Amino acid sequence: MDIIKTYQEFAQELERVQSLSELENLRIKYLGRKGLINSFIKEIATLPIEEKKVKGKEVNDLKNKITEELENKKEKLLKESQLKETGKRYDLLLPGRKLWLGYRHPITKVLGEIVEILVAMGFEEKLGPEIETEWHNYEALNFPEDHPARDQIACFYLSDKYLLRSHTSPIQIRVMEKEKPPIRIIAPGRVFRPDPFDASHSPVFYQVEGLYIDENVNFCELKGTLEQFCYRMFGNDVKVRFTPSYFPFTEPSAEIAISCVICESKGCKTCKNTGWLEILGAGMVHPKVLENVGYDSTKYSGFAFGLGVERIAMVKYRIDDIRLFYENDIRFLSQF
Ligand code: PHE
């Protein structure tokens with residue numbers, strides 16, 4: 001029973017082990033039931049008591065050492081085979097990587113809310129093209145050629161015939177040209193105007209158009225519908241104000257404002273100290289427009305409205321510069 005020699009042999013054999021099955025064979029050779037360690041233990045039993053104590057401790061230490069080294073080797077082999085399989089190294093001590101979640105753009109979010117409210121009120125969503133004809137953008141909407149009202153809703157021309165729509169109202173015409181009353185639609189979309197790019201203007205922005213045409217539609221319905229919209233969008237405490245306005249395609253026309261939700265009508269930068277925020281243009285559809293699409297204007301009437309999505313988002317989220325929506329600054333966008 002040469003403890004030292006046994007350990008040296010074990011160490012050499014362990015060194016040569018390359019697989020888990022070889023390792024298991026080595027374990028059986030030394031630690032198995034009929035293994036070397038057990039044969040030593042049997043031998044010890046025959047020794048005189050003094051020697052028994054000394055040898056017993058030596059064999060026990062050897063057994064512990066072999067057990068530990070077999071374990072270490074096993075771990076090493078397992079790790080290597082895992083590395084081979086995945087080709088990756090795992091550092092389990094590294095903190096996990098946070099998943100990067102995108103956010104809805106505030107305009108998309110507010111647009112979704114506006115559409116949801118109006119669809120719940122019975123309007124159906126329609127879309128129209130961004131490239132429009134003069135007929136749809138102006139003429140059919142009762143803007144005569146060379147009329148100064150065209151400047152109010154000026155556009156970018158692409159050619160003599162085509163332009164980028166400067167409001168969503170041409171979608172009114174497109175829907176009425178195709179369908180017969182009753183019509184109850186909303187039409188969200190991007191519009192383009194030769195405007196400066198400053199804190200309150202952008203050459204590209206979003207609108208939502210609304211149109212309701214049937215027999216005997218009156219101004220009360222316009223008022224009730226838009227008041228309800230404002231309550232649902234900004235809360236029941238908000239005050240809604242209608243003032244006369246002018247659009248060639250509506251008569252009478254109105255500008256709709258809500259009491260300033262930022263300063264509670266005390267006067268601030270956003271409401272320009274008036275206590276009111278203008279958010280909508282609206283009116284009763286002009287008989288000329290109805291005739292232009294072949295409707296009998298003595299039989300049908302209706303109302304239309306158009307709202308600016310950025311404007312509503314700015315009021316809702318207290319944003320004082322429209323350019324922030326288009327700069328794609330993650331620090332801004334991740335707040336919503
Ligand atoms: N199209 C108008 C604008 O862009 C808004 C509007 C729509 C007004 C419908 C009345 C009715 O300013």
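Predicted model: local features only at pLDDT ≥ 70, side-chain atom pairs only at ≥ 80, totals over all residues.

Q: How many residues has helix α2, and what does it span?
A: Helix α2 (residues 20-31) has twelve residues. From first C-alpha to last it reaches 16 Å, close to the 16 Å expected at 1.5 Å a residue; the expected span is 1.5 Å times one less than the number of residues. Helices (H or I, at least four residues) and strands (E, at least two) are DSSP runs, numbered from the N terminus.

Q: Which residues of α2 are buried?
A: Leu23, Leu26 and Tyr30 are buried in α2. Buried means under 20% relative accessible area, exposed over 50%, and partly exposed in between (1.4 Å probe, protein chains only).

Q: Where do those buried residues fall around the axis of α2?
A: They fall within an arc of 60° seen down the axis of α2, so they line one face of the helix. The arc is that of the directions from the helix axis to the C-beta atoms.

Q: And what covers them?
A: The cover of the buried residues of α2 includes α1 (3-16), α3 (36-45) and α4 (49-86). Contact here means heavy atoms within 4.5 Å.

Q: How do β7 and β8 pair?
A: Strand β7 (residues 240-247) and strand β8 (residues 250-259) pair in the antiparallel sense over seven bridges. They form a hairpin with two residues between them, and Ser245 stands opposite Ser253 in β8.

Q: How many bridges join β9 to β10?
A: Five bridges join these antiparallel strands, with Met284 opposite Phe303 in β10.

Q: What about the sheet that contains β2?
A: Three strands form that open sheet, in the order β2-β4-β3 with antiparallel pairing. β2 (131-133) and β3 (156-157) stand at the edges with a single partner strand each, so one side of each is left without a neighbour in the sheet. β2 is joined to strand β4 (residues 162-164) by three bridges, and Thr133 has Tyr162 as its bridge partner in β4.

Q: Now the packing: which residues have the most contacts inside the largest nonpolar core?
A: They are Ile114, Phe229, Phe305 and Ile312, in a core of 47 residues. A nonpolar core is a set of buried Ala, Val, Leu, Ile, Met, Phe, Trp, Tyr and Cys residues joined through side-chain atoms within 4.5 Å. Helix α5 (residues 106-120) gives the most to this core, with seven residues. Apart from it lies another core, of 26 residues, among them Ala140, Ile185, Leu211 and Leu290.

Q: What does Ile312 touch?
A: Leaving aside neighbours within four places in sequence, Ile312 is in contact with Val110, Ile114, Phe229, Met233, Phe234, Ile279 and Leu307. Ile312 is one of the buried residues of α11.

Q: How many aromatic pairs are there?
A: The count comes to 14. Rings of Phe, Tyr and Trp (its six-membered ring) pair if their centres lie within 6.5 Å; planes under 30 degrees apart count as stacked, over 60 as edge-to-face and the rest as tilted. One of the pairs is Phe197 with Tyr326, tilted, at 6.1 Å centre to centre and 45° between the planes. Phe197 lies in the loop between β5 (183-192) and β6 (204-215) and Tyr326 in the loop between α11 (309-317) and α12 (330-333), so the pair ties together parts that are 129 residues apart in sequence.

Q: How exposed is Phe197?
A: Phe197 is partly exposed at 43% relative accessibility; Tyr326 is also partly exposed, at 29%.

Terms used
Residues numbered from 1 in each chain as written. Heavy atoms only, no water. Pairing = 2+ DSSP bridges.
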